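Subject: Structure handover

Dear colleague,

Here is the structure for your files. My notes on it follow below.

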Amino acid sequence: MKIIKLNAIDSTNSYLKENAIKNNLESYTIVVADKQTSGRGQLGTVWESDLGKNLTFSVLVKFVDFEITRQFYLSMAVALGVLAALKNKWDTKYYIKWPNDILADKDKIAGILIENSISGNFIKNTVIGIGLNVNQISFSKEIENVTSLKKISGIDFDRDQLLLDLINSIASYIKYIDAKKFSQLKMEYMNLLFKYQIPAMFIDNKDLVFIGKIIDVSAEGQLVVELENEKTRKFNLKEIKFASR
Ligand code: BTN
């Protein structure tokens with residue numbers, strides 16, 4: 001494991017993507033920055049984080065035999081790894097909000113952005129970007145339902161120690177992929193999935209509000225929701241969100 005610490009960078013994910021091949025970086029090279037000037041979130045959103053308060057880092061992982069059809073298991077492994085590391089730091093109820101947001105109770109505490117490079121039918125290199133809210137306690141008004149370790153606990157956390165714990169925890173779940181323990185990953189993921197089997201209000205991409213309950217996540221990573229008429233619908237990332245929390 002090699003940790004590169006930077007004061008500022010556009011995005012730790014972009015840095016690792018650019019340098020992985022160019023500089024032949026080894027698996028488990030980690031880049032952590034105190035400030036990102038263009039931190040990226042899922043679906044082209046911006047990831048905001050106050051200078052030096054939180055953790056914004058990326059991990060390069062190289063695979064030898066990881067089929068693209070199984071890519072959602074990587075999302076599961078990373079989310080489980082982050083959640084397990086947090087559980088050891090502060091005892092509260094943590095959930096994974098599909099596909100891979102980490103909630104502390106009902107509020108988002110960490111986000112994950114995974115970017116794969118593919119060769120044929122295999123994932124070769126992956127860059128796993130994590131933004132974890134650690135010691136920041138006030139957030140801009142536009143960002144709703146967000147929290148941090150300090151907000152839930154009242155205490156300051158040592159970011160260096162937290163970083164090591166997170167990396168080790170994520171690595172221990174990625175070993176499940178190397179060992180092809182996919183059903184174990186799925187079982188642990190479903191056990192921690194927010195609103196699993198609980199009726200909830202959703203909004204689809206046509207702004208239709210409906211009641212349904214999450215009954216599964218497909219092999220491709222789609223959310224499977226049972227509707228009131230007992231029919232099921234599958235959704236991709238941009239196609240559904242919770243109407244309320
Ligand atoms: C999300 O929830 O939308 C995903 C957020 C991921 C943010 C992290 S911060 C470190 C890494 N570098 C980036 O530009 N993004 C990820």
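Which residue in strand 3 is the bridge partner of Thr 29? It is Leu 60. Before the rest, two remarks on the source. This is a predicted model, in which local features need pLDDT of at least 70 and side-chain atom pairs count only at pLDDT 80 or more, while totals for chains, interfaces and linings use all residues. Residues are numbered from 1 along each chain as its sequence is written, and side-chain values use heavy atoms, with hydrogens and water left out.

The sheet

Helices (H or I, at least four residues) and strands (E, at least two) are DSSP runs, numbered from the N terminus. Two strands count as paired if DSSP finds at least two bridges between them. On that basis there is an open sheet of 7 strands with mixed pairing, in the order 1-2-3-7-6-5-4. Strand 1 and strand 4 (94-97) are its edge strands, each pairing on one side only. From one strand to the next, the twist averages 20°.

Strand 1 (residues 2-9) and strand 2 run parallel and are joined by 7 bridges; one of the pairs is Ala 8 with Lys 35 in strand 2. Strand 2 and strand 3 (residues 55-62) run antiparallel, with 5 bridges between them. Strand 2 (residues 29-36) has 6 of its 8 residues buried, so it is largely enclosed by the rest of the structure. Buried here means under 20% relative accessible area, exposed means over 50%, and partly exposed is in between (1.4 Å probe, protein chains only).

Further along the order, strand 6 (residues 107-119) pairs with strand 7 (residues 122-132) over 10 bridges in the antiparallel sense. There, Leu 113 stands opposite Gly 129 in strand 7.

Helices on the sheet

Strand 1, helix 1 (residues 12-22) and strand 2 form a right-handed β-α-β unit. Right-handed means that, with the strands pointing away from the viewer, the path from the first strand over the helix to the second runs clockwise.

For the angles below, axes are lines fitted to C-alpha atoms, for helices over the stretch in contact, and the angles run from 0 to 180 degrees between N-to-C directions. Contact means heavy atoms within 4.5 Å. Helix 1 lies across strand 1, strand 2, strand 3, strand 6 and strand 7, and runs at about 30° to strand 3. Helix 2 (residues 72-87) also packs on the sheet, where it touches strand 4, strand 5 (101-104), strand 6 and strand 7; its direction makes about 145° with that of strand 6.

Helix 4 and helix 5

Helix 4 (residues 159-178) packs against helix 5 (residues 182-191) at an angle of about 135°, the axes being 8 Å apart. That makes helix 4 oblique to helix 5 (under 35 degrees is roughly parallel, over 145 roughly antiparallel, 65 to 115 roughly perpendicular, and the rest oblique). From helix 4, Tyr 173, Tyr 176 and Ile 177 meet Phe 182, Gln 184, Leu 185 and Glu 188 of helix 5. The residues of this contact divide into 5 nonpolar, 1 polar and 1 charged (Ala, Val, Leu, Ile, Met, Phe, Trp, Tyr, Cys and Pro count as nonpolar, Asp, Glu, Lys and Arg as charged, and the others, Gly among them, as polar).

Backbone points to check

The peptide bond from Trp 98 to Pro 99 is cis, with omega near 0°. Pro 99 lies in the loop between strand 4 and strand 5. Asn 24, in the loop between helix 1 and strand 2, is not a glycine but has a positive phi of about 45°. Asn 24 is exposed, with a relative accessible area of 59%. Tyr 28, found in the loop between helix 1 and strand 2, is not a glycine either and has a positive phi of about 65°.

Regards
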